[in-house]
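Subject: Structure handover

Dear colleague,

I am passing on the structure below, together with notes on what was found in it. Please keep it open while you read, and follow each part of the chain as it comes up.

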Amino acid sequence: MGLLETILKNVVLQDASIEKKTKISESVYKIRLKSESIKKAEFVPGYFLRLGIGIGNDDLSFKDKVRSYSVWNINKTEGYLDLAIATDSKGIGAQWAVACKENETVYFKWKKGNFLLDETADSYLMIGDLSALSHLYILKRNLPHNKQVEGLVYAQNSNDYFEDVDGSRPFNFHTLKQNPISEILNIIKEISPKLKGKIMVYIAGDSRVCIALNQYFRNELNWNTKQIKTKPFWNPDKKGLE
Ligand SMILES: Cc1cc2nc3c(=O)[nH]c(=O)nc-3n(C[C@H](O)[C@H](O)[C@H](O)COP(=O)(O)OP(=O)(O)OC[C@H]3O[C@@H](n4cnc5c(N)ncnc54)[C@H](O)[C@@H]3O)c2cc1C
């Protein structure tokens with residue numbers, strides 16, 4: 001292990017133990033991390049972790065040692081949090097999720113970002129693929145009950161759709177190929193008239209979808225940028241993203 005990696009592991013990152021790992025759909029794993037530090041963590045729905053999945057593996061390049069995963073659920077009293085990791089990418093993050101074992105130690109850093117819970121709208125439209133589903137779930141669960149929330153979640157395989165931690169499936173699921181912009185736009189046109197009052201849209205996952213929908217809401221519907229929240233989680237031409 002090089003000096004930079006040793007500093008990262010011992011100074012920058014916190015550690016947690018994998019308390020439980022569960023396969024929750026055809027290609028998605030739920031991973032529960034437990035640590036004393038989680039009991040004291042400052043948390044806002046939308047925070048994510050930089051997980052040092054490749055720390056200690058000298059065969060990996062530095063940029064392949066870390067991947068980002070959204071916090072799907074947190075229990076500060078018990079000191080645990082849950083992640084949902086999609087493995088269709090088959091990269092080092094996916095390989096780690098398939099191979100990791102309960103009781104192993106992982107290293108992580110909290111990240112805040114700006115793809116966070118915002119309660120200022122009356123109605124919400126949430127759009128994303130499997131990589132974004134846990135992030136959309138935690139935002140939905142933490143919105144006040146009087147808010148209207150419509151969801152558009154898609155994957156290529158219906159066996160991949162997993163339920164939220166409370167057993168609910170609050171979003172409409174669609175079986176769609178990758179980068180299905182025109183299909184998504186058709187579905188948005190069906191949903192939009194149902195949205196009441198001040199509207200906000202959250203879009204996450206495939207960067208191509210984030211860009212195309214951001215343009216659609218801004219340029220065609222003339223929405224204010226404050227109404228449009230996007231967060232690319234992956235890009236077909238890149239490994240990792242943030
Ligand atoms: C803020 C943030 C939060 C994130 N939260 C989550 C999360 O909660 N759950 C989660 O699963 N991922 C999440 N991601 C994505 C995650 O960080 C990784 O990018 C993803 O797991 C792919 O990593 P990898 O090492 O397996 O593949 P990489 O080596 O990064 O990529 C290999 C190839 O797979 C493609 N690819 C990457 N992701 C996908 C995908 N989902 N479907 C199809 N092809 C893909 C890449 O474009 C590349 O061509 C998040 C990303 C960000 C920036």
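Two strands are said to pair if DSSP finds at least two bridges between them. With that in mind, and remembering throughout that this is a predicted model, you can look at strand S8 (residues 123-128) and strand S11 (residues 199-206), which run parallel and are joined by 6 bridges. One of the residues to look for is Ile127, whose bridge partner in S11 is Ile203.

These two strands belong to an open sheet of 5 strands with parallel pairing, in the order S10-S9-S8-S11-S12. Strand S10 (172-175) and strand S12 (228-234) each have a single partner strand and stand at the edges, so one side of each is left without a neighbour in the sheet. On average, and with direction ignored, neighbouring strands of this sheet are turned by 10° against each other.

Which helices lie across S8, S11 and S12? Helix H4 (residues 130-142) lies across these strands and also across strand S9 (148-155), and its direction is at about 150° to S11. Helix H6 (residues 207-220) lies across S8, S11 and S12, and runs at about 155° to S11.

The chain as a whole is divided into domain 1 (3-111) and domain 2 (123-234), and the centres of the two, taken over C-alpha atoms, are separated by 25 Å. Where the domains meet, 16 residues of domain 1 are in contact with 16 residues of domain 2. On the domain 1 side, strands S1 and S6 each supply at least two of the touching residues, and S6 gives the most, with 4 residues. The residues of that side divide into 8 nonpolar, 6 polar and 2 charged.

S5 and S6 form a hairpin that has 4 residues between them, and Gly79 in the turn has a positive phi of about 80°.

Elsewhere in the chain, strand S7 (residues 105-111) pairs with strand S1 (residues 14-25) in the antiparallel sense over 4 bridges, and Gln14 stands opposite Phe108 in S7. Strand S3 (residues 48-51) and S7 likewise pair in the antiparallel sense over 4 bridges, with Phe48 opposite Lys111 in S7.

Finally, there is the ligand, which is surrounded by 29 residues, the closest being Ser89, Gly91, Gly93, Ala94 and Trp234. The elements that give two or more residues to this shell are strand S4 (67-70), strand S6 (80-86), helix H3 (92-99), H4 and S12. The shell residues divide into 12 nonpolar, 11 polar and 6 charged. Why can the ligand be said to lie between the two domains? Domain 1 (3-111) and domain 2 (123-234) both give residues to the shell around the ligand, so the ligand lies between them.

With best wishes

Definitions and conventions:
Residues numbered from 1 in each chain as written. Predicted model: local features only at pLDDT ≥ 70, side-chain atom pairs only at ≥ 80, totals over all residues. Axes fitted to C-alpha atoms, helices over the stretch in contact; angles between N-to-C directions. Contact = placed C-beta atoms within 7 Å. Near = placed C-beta within 6 Å. Nonpolar A, V, L, I, M, F, W, Y, C, P; charged D, E, K, R; others polar. Domains from an automatic or database assignment.
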